[in-house]
Amino acid sequence: MQLEESNDSSPINSASCSHCRSSCDGVVIVVIPPRRATCGELTTFHSGSYVEYLRKLNDADDEEYEKFEQDAQEYGLGYDCQPFRGLYVFAASVCGATLQAAQSLIDGKCDVAINWGGGWHHAKK
């Protein structure tokens, strides 16, 4: 996942700011490229209907997107966690990064693993 620089408050930009602050404090950081979680991994913690909503939203045309936006509250999206095109890929990448961080801890590849992008949603199971 590429962290982007801008002035908005999207999860990507918040993660970038957290990473920069840590880097500036003299902490040694090794960035491990994330993998995307599979649909099966996502449905371990979230309902199939929620994951399917994200998948459909991900590739929606303009007309479909407006309908999916109307359903956002049902899935815990809105206010500070707005739906957006590409949300499924983003969520699968963030989840995959968390799983990869946990595996790195289990394998003894690191003592501390942080996924700055994890936990910033209000997904309903």
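**Figure 1. Overview of the chain, in which 62% of the contacts between residues at least 6 apart in sequence join residues at least 24 apart.** Contact here means heavy atoms within 4.5 Å. The view shows a predicted model, in which local features need pLDDT of at least 70 and side-chain atom pairs count only at pLDDT 80 or more, whereas totals for chains, interfaces and linings use all residues. Residues are numbered from 1 along each chain as its sequence is written, and side-chain values use heavy atoms, with hydrogens and water left out. The secondary structure of the chain comes to five helices and zero strands, arranged along the sequence as α-α-α-α-α; helices (H or I, at least four residues) and strands (E, at least two) are DSSP runs, numbered from the N terminus. Of the 125 residues of the chain, 29% count as buried, where buried means under 20% relative accessible area, exposed over 50%, and partly exposed in between, with a 1.4 Å probe and protein chains only.

Figure 2. Confidence in the chain is lowest in helix α1 (residues 11–24), where the mean is 50, and highest in helix α2 (residues 39–45), at 93. Over residues 1–9 the pLDDT stays under 50, and for these residues the model has 17 contacts beyond four places in sequence.

**Figure 3. The aromatic cluster, in which ring pairs link Tyr50, Tyr53, Phe68 and Tyr75.** Rings of Phe, Tyr and Trp (its six-membered ring) pair if their centres lie within 6.5 Å, and planes under 30 degrees apart count as stacked, over 60 as edge-to-face and the rest as tilted. A search of the whole structure finds four aromatic pairs. One of them is formed by Tyr53 and Phe68, which are edge-to-face at 5.7 Å centre to centre, with 80° between the planes. Because Tyr53 lies in helix α3 (residues 48–58) and Phe68 in helix α4 (residues 62–70), this pair ties together parts that are 15 residues apart in sequence. Tyr53 is buried, at 4% relative accessibility, and Phe68 is buried as well, with a relative accessible area of 13%. Tyr53 also pairs with Tyr75: the ring centres are 4.5 Å apart and the planes lie at 20°, so this pair is stacked. Tyr75 is buried, its relative accessible area being 14%.

**Figure 4. The buried residues of helix α3, which are Tyr50, Val51, Tyr53, Leu54, Leu57 and Asn58.** Seen down the axis of α3, these buried residues fall within an arc of 155°, so they line one face of the helix; the arc is that of the directions from the helix axis to the C-beta atoms. An α-helix has 3.6 residues a turn, so residues three or four places apart point the same way. The cover over the buried residues of α3 includes α2, α4 and α5.

**Figure 5. Helix α5, whose 20 residues reach 28 Å from the first C-alpha to the last.** This reach is close to the 28 Å expected at 1.5 Å a residue, the expected span being 1.5 Å times one less than the number of residues in the helix. Among the buried residues of α5 are Leu87, Tyr88, Phe90 and Val94. Ser93, in helix α5, is buried with a relative accessible area of 10%, and its C-alpha atom is separated by 5.9 Å from that of Arg35, 58 residues apart along the chain. Ser104, which is also placed in helix α5, is buried at a relative accessible area of 6%, and touches Ile32, Lys109 and Cys110, not counting residues up to four places away in sequence. Just after α5, Gly108 takes a positive phi of about 75°.

**Figure 6. The loop between α4 and α5, with Gly78.** Gly78 is buried, with a relative accessible area of 10%. Leaving aside neighbours within four places in sequence, Gly78 is in contact with Gln73 and Pro83.

**Figure 7. The charged end of Arg85 over the ring of Tyr65.** The charged end of Arg85 sits 4.4 Å from the centre of the Tyr65 ring. A charge sits over a ring if NZ of Lys or CZ of Arg is within 6 Å of the ring centre and within 35 degrees of the ring normal.

Definitions and conventions:
pLDDT = per-residue confidence, 0-100.
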